[in-house]
Amino acid sequence: MSPDVLAFQPTTQLARLIALGDVSSVQLVDLYAARHDTFGAQLNAVVQVDFDRARDAAKAADEVLASSEEIGPLHGVPFTIKECFDVAGFNTTAGAPEWAGNAPAANADAVQNLFDAGALCMGKTNVPYMAFDLQSYNDVYGTTNNPWDLSRTCGGSSGGAAAALSAGLTGGDIGSDIGGSLRNPAHYNGVYSHKPTLGLISEYGHVPPAPGTASDTDLVVMGPMGRSAQDLRVLLDVLRRPVGINRDKRISLPPPRATQLEDFRVGLWFGHRTNRPSQAVQAMMDALANALTGNVAALEHVWPLHSSYEELNQVYAQLLLGAVSMDTPLSQFAVATAAHPFLALAQTLGLHDGTGVAGSMMHTAQSHRAWLKAREKQALMRRQIDSFFQDYDVLLAPIIPWTAPPHQHEGSLLSRKVRVDGTQRPYVEALEYIALATTLSLPATTAPLGLAADGLPVGVQIIGPYMHDTTTIAFAEALAQVMGGYQVPPDFKDASALKSP
């Protein structure tokens, strides 16, 4: 296998090749170091590196293999790690200059589980400021580009991880998600990801919240990324091993409801009239529906809740902004708190609808009573989705209404516009399709569908019942048989033929 083929193998295949002695861990570290020298500056996905340290770990891994000792499922595989996770020997800043000196002494729980399974770390991958954007750029590390088109975003917040995986700069990576941060980068870059059921994987050692925070953040999950669905299955099992205060609380997941495509009962939801997919995304969704027609046990276009699309997104926005309010700068929080009673009165009088800047400020400074009311609505919607999944095994939905847009660093989440099919649309519409799985704590696997007419990747969100993570991953594995899977970005195939940005 040539080096430029080896670099793009799935994590699980790399582990297998190492275990068989077909390639050494040191050879893989050297391969990825060489590719980083060639493509690193062009992409700016891996923003901290220590290949010397990685080679030392790889040599030790190769020695263990030579001694016939028992090895873990990721033995010797070189990983990069999303910059938000603590890794001893590297800084954890979440792209925030105010945290630039944060050098943790211990690994995040999820990272330690990777290391215990035999993985080693070559470096860390880029994120947005405070991991809160749909692009990956910040004043600490700069901007990460999309390997399919360097003028476009790689997504966020796990954007550097997705770009590095797509471009063959790493053997594996992991991410986190509260606003689609595992899903939108996988969609933009053409790789796989899995947003687990809430609570399966320890959050401890992830920033934000602020370094050293012991409590979990509502809605946030940690999850695997990869170049195959099999990667997700193996990594999920590794990452969810109980650690820390939960070390005796191993959660058993039910087996997949089906493994063969023809046995799945599939619901399709391809967007809402107020937030239509772009022509490029819609065409890929239609191709997916055509590929599944006659090849699955049941197939129906359906909205899965009795509650409306608008009600779901209102609850999501309230819970999301409440969850991240702890790390809101004190000055902004003080303004939101002072404005809250006036904004609430204005909403009661019908002067605003609770969205936009006014809604954001209200939810940031909401009372505990208001948050509890949102939680009650969330619980009622969970009952509705449980009923839906009695008749269906998975729900397929777009991840974002458009393919990767050009870099756009002006303004904010609330003020930016995205040009889609000749029309300017609100940037925050990108958050609406991911609201269902996040708000209702459901597993959601992202699988690539191929390239749209604009030449950019499109992924699908495979949503499953609560705790049925194995079902969504199994469907992603089966789907690859009819829709392909990961593809190598052409400009990154051959390290000897570097193309200029």
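**View 1. Tyrosine 192 has glycine 226, in S10, as its bridge partner.** The model is predicted: local features need pLDDT of at least 70, side-chain atom pairs count only at pLDDT 80 or more, and totals for chains, interfaces and linings use all residues. Residues are numbered from 1 along each chain as its sequence is written, and side-chain values use heavy atoms, with hydrogens and water left out. Strand S9 (residues 192–195) and strand S10 (residues 221–226) are paired in the antiparallel sense over two bridges. Two strands are taken to pair if DSSP finds at least two bridges between them. Helices (H or I, at least four residues) and strands (E, at least two) are DSSP runs, numbered from the N terminus.

**View 2. Eight strands form an open sheet with mixed pairing.** The strand order is S8-S10-S9-S16-S17-S13-S11-S12. Strand S8 (173–177) and strand S12 (298–301) are the edge strands, each pairing on one side only. From one strand to the next, the twist averages 25°. Helix H8 (residues 229–239) lies across S8, S9, S10 and strand S16 (444–451), and runs at about 145° to S10. Helix H15 (residues 469–483) lies across S9, strand S11 (265–268), strand S13 (394–398), S16 and strand S17 (457–463), at about 10° to S16. Axes are lines fitted to C-alpha atoms, for helices over the stretch in contact, and angles run from 0 to 180 degrees between N-to-C directions. Contact means heavy atoms within 4.5 Å.

**View 3. A three-strand open sheet has the order S1-S3-S2.** Its pairing is mixed. Strand S1 (46–49) and strand S2 (78–82) stand at the edges with a single partner strand each, so one side of each has no neighbour in the sheet. The twist averages 40° from one strand to the next. S1 pairs with strand S3 (residues 120–125) in the antiparallel sense over three bridges. Valine 49 stands opposite glycine 123 in S3. Helix H4 (residues 51–66) lies across S1 and S3 and runs at about 155° to S3.

**View 4. Helix H3 (residues 25–43) packs with H4 at an angle of about 160°.** The two axes are 7 Å apart. H3 and H4 are therefore roughly antiparallel to each other; angles under 35 degrees count as roughly parallel, over 145 as roughly antiparallel, 65 to 115 as roughly perpendicular and the rest as oblique. From H3, the contact involves Ser25, Val26, Val29, Asp30, Tyr32, Ala33 and His36; from H4, it involves Phe51, Ala54, Arg55, Ala58, Lys59, Ala61 and Asp62. By class, these residues divide into eight nonpolar, two polar and four charged. Ala, Val, Leu, Ile, Met, Phe, Trp, Tyr, Cys and Pro count as nonpolar, Asp, Glu, Lys and Arg as charged, and the others, Gly among them, as polar.

**View 5. Helix H10 (residues 309–324) crosses helix H13 (residues 368–388) at roughly 135°.** Their axes come within 10 Å. H10 and H13 are therefore oblique to each other, and H10 passes H13 in a left-handed crossing. A crossing is left-handed if the near helix is turned anticlockwise from the far one by less than a right angle, and right-handed if clockwise. On the H10 side, Glu311, Leu312, Val315, Gln318 and Leu319 meet Ala370, Trp371, Ala374, Arg375, Lys377, Gln378 and Met381 in H13. This contact has seven nonpolar, two polar and three charged residues.

**View 6. H10 and helix H12 (residues 356–364) cross at roughly 55°.** The axes come within 8 Å. That makes H10 oblique to H12, and the crossing is right-handed. Ala317, Gln318, Leu321 and Gly322 in H10 meet Ser360, His363 and Thr364 in H12. The contact has two nonpolar, five polar and no charged residues.

View 7. Most residues other than glycine have a negative phi, and most peptide bonds are trans. Another cis peptide bond joins valine 207 and proline 208, with omega about -5°.
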